[in-house]
Amino acid sequence: MSTNELQYPMAKRFGYALKCAQHALRVRMDEALRPLGLTTPQYSVLSAVEFKAGMSNAALARQAFITPQAMQGVLANLERDGLLVRSPDPNHGRILRSGLSAHGRSVLRKAHLLVSAVENIVILSLGSAQAGQMCSLLSHCAQQLMKSTD
């Protein structure tokens, strides 16, 4: 059985089509970010810290769609590369709070431009109105799927 025979019936399934689009986006983002020495999860973490400095490791892991254990490695690498600074929380000595370094802010500005160029491939193919609608619809889908099934 060829790969095309397997993919054709699946390509009509909503979840499969969504995963294919997500995978293609991830591949393109990784390619775009590679010259800066960043991965997509690292970019997600830097973006989250830019938005809200001091986020917990667990919150950063959720933002980057990785496990808290994997987040430890991501944070250590970002700190080693001088993109992130971590300091003890004044109220909880064992908790480390993350913030962007000056170098991290500079790299992140470049990364935002590269990621925007990747996103614009889709936006231009759909048109800005449809892209905005799609963004709203996907956010709604995510909210519905994250609701408790209790």
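This is a predicted model: local features need pLDDT of at least 70, side-chain atom pairs count only at pLDDT 80 or more; totals for chains, interfaces and linings use all residues.
**Exercise 1. Describe helix α3 and its cover.**

Task: Is α3 largely enclosed by the rest of the structure, or largely open? Work from its span, its buried residues and what covers them.

Solution. 
- Step 1. Take the span. Helix α3 covers residues 40–51, which is 12 residues. From first C-alpha to last, α3 reaches 16 Å, close to the 16 Å expected at 1.5 Å a residue.
- Step 2. List the buried residues. They are T40, P41, Q42, Y43, S44, V45, L46, S47, A48 and V49.
- Step 3. Draw the conclusion. Because 10 of the 12 residues of α3 are buried, α3 is largely enclosed by the rest of the structure.
- Step 4. Find the cover. Helices α2 (14–33), α4 (57–64), α5 (68–80) and α6 (102–126) are included in it. The strands β1 (84–88) and β2 (96–100) are also among the covering elements.
- Step 5. Link back to the histidine. Y43 is one of the buried residues of α3, and the side chain of Y43 makes the polar contact with that of H112.

**Exercise 2. Work through the salt bridges.**

Task: How many salt bridges does the count come to?

Solution. 
- Step 1. State the count. It comes to 4 salt bridges.
- Step 2. Take D30 and R26. Their side chains meet in a salt bridge at 3.0 Å, N to O. The two residues are 4 apart in helix α2, so about one helical turn separates them. R26 is partly exposed, at a relative accessible area of 33%.
- Step 3. Take R28 and E31. The closest N and O atoms of this salt bridge are 4.0 Å apart. Both residues lie in helix α2, 3 residues apart, or about one turn of the helix. R28 is partly exposed at 42%, and E31 is partly exposed at 42%.
- Step 4. Take R80 and D81. A salt bridge joins their side chains at 3.0 Å, N to O. R80 has a relative accessible area of 60%, so R80 is exposed. D81 counts as partly exposed at 34%.

**Exercise 3. Examine S101.**

Task: Is S101 buried or exposed? Where does S101 lie?

Solution. 
- Step 1. S101 is in the loop between β2 and α6.
- Step 2. Apply the cut-off. Buried means under 20% relative accessible area. S101 has 13%, so S101 is buried.
- Step 3. List contacts, leaving aside neighbours within four places in sequence. S101 touches G82, L83, L84 and V85.
- Step 4. Check the backbone. A polar atom of the S101 side chain lies 2.9 Å from the backbone nitrogen of G104.

**Exercise 4. Find the nonpolar patch.**

Task: Which residues make the nonpolar surface patch of about 360 Å²?

Solution. 
- Step 1. Name the residues. F14, L18, M134 and L138 make the patch.
- Step 2. Assign the elements. Those that give two or more residues to the patch are α2 and α7 (128–146).
- Step 3. Check one member. L18 lies in helix α2. Its relative accessible area is 36%, so L18 is partly exposed.

**Exercise 5. Step back to the whole chain.**

Task: How many helices and strands are in the chain?

Solution. 
- Step 1. Count the elements. The chain holds 7 helices and 2 strands.
- Step 2. Read the order along the sequence. The pattern is α-α-α-α-α-β-β-α-α.
- Step 3. Take the dimensions. The C-alpha trace spans about 55 × 45 × 35 Å along its principal axes.
- Step 4. Check burial. Of the 150 residues in the chain, 27% are buried.
- Step 5. Check the surface. The accessible surface is about 10400 Å², and 60% of it belongs to carbon and sulfur atoms.
- Step 6. Check the contacts. Among those with a separation of 6 or more, 44% are between residues 24 or more positions apart.

Notes. Residues are numbered from 1 along each chain as its sequence is written. Side-chain values use heavy atoms; hydrogens and water are left out. The expected span of a helix is 1.5 Å times one less than its number of residues. Buried means under 20% relative accessible area, exposed over 50%, partly exposed in between (1.4 Å probe, protein chains only). Contact means heavy atoms within 4.5 Å. Patches are made of residues with over 30% relative accessible area and no salt bridge: like charges are joined within 9 Å, nonpolar side chains (Val, Leu, Ile, Met, Phe, Trp, Tyr) within 5 Å. Accessible areas come from the Shrake-Rupley method with a 1.4 Å probe; for residues, only the protein chains shown count as cover. A polar contact is a pair of N or O atoms within 3.5 Å; within protein, one must be able to donate a hydrogen and the other to accept it, and residues adjacent in sequence count only if both atoms are side-chain atoms.
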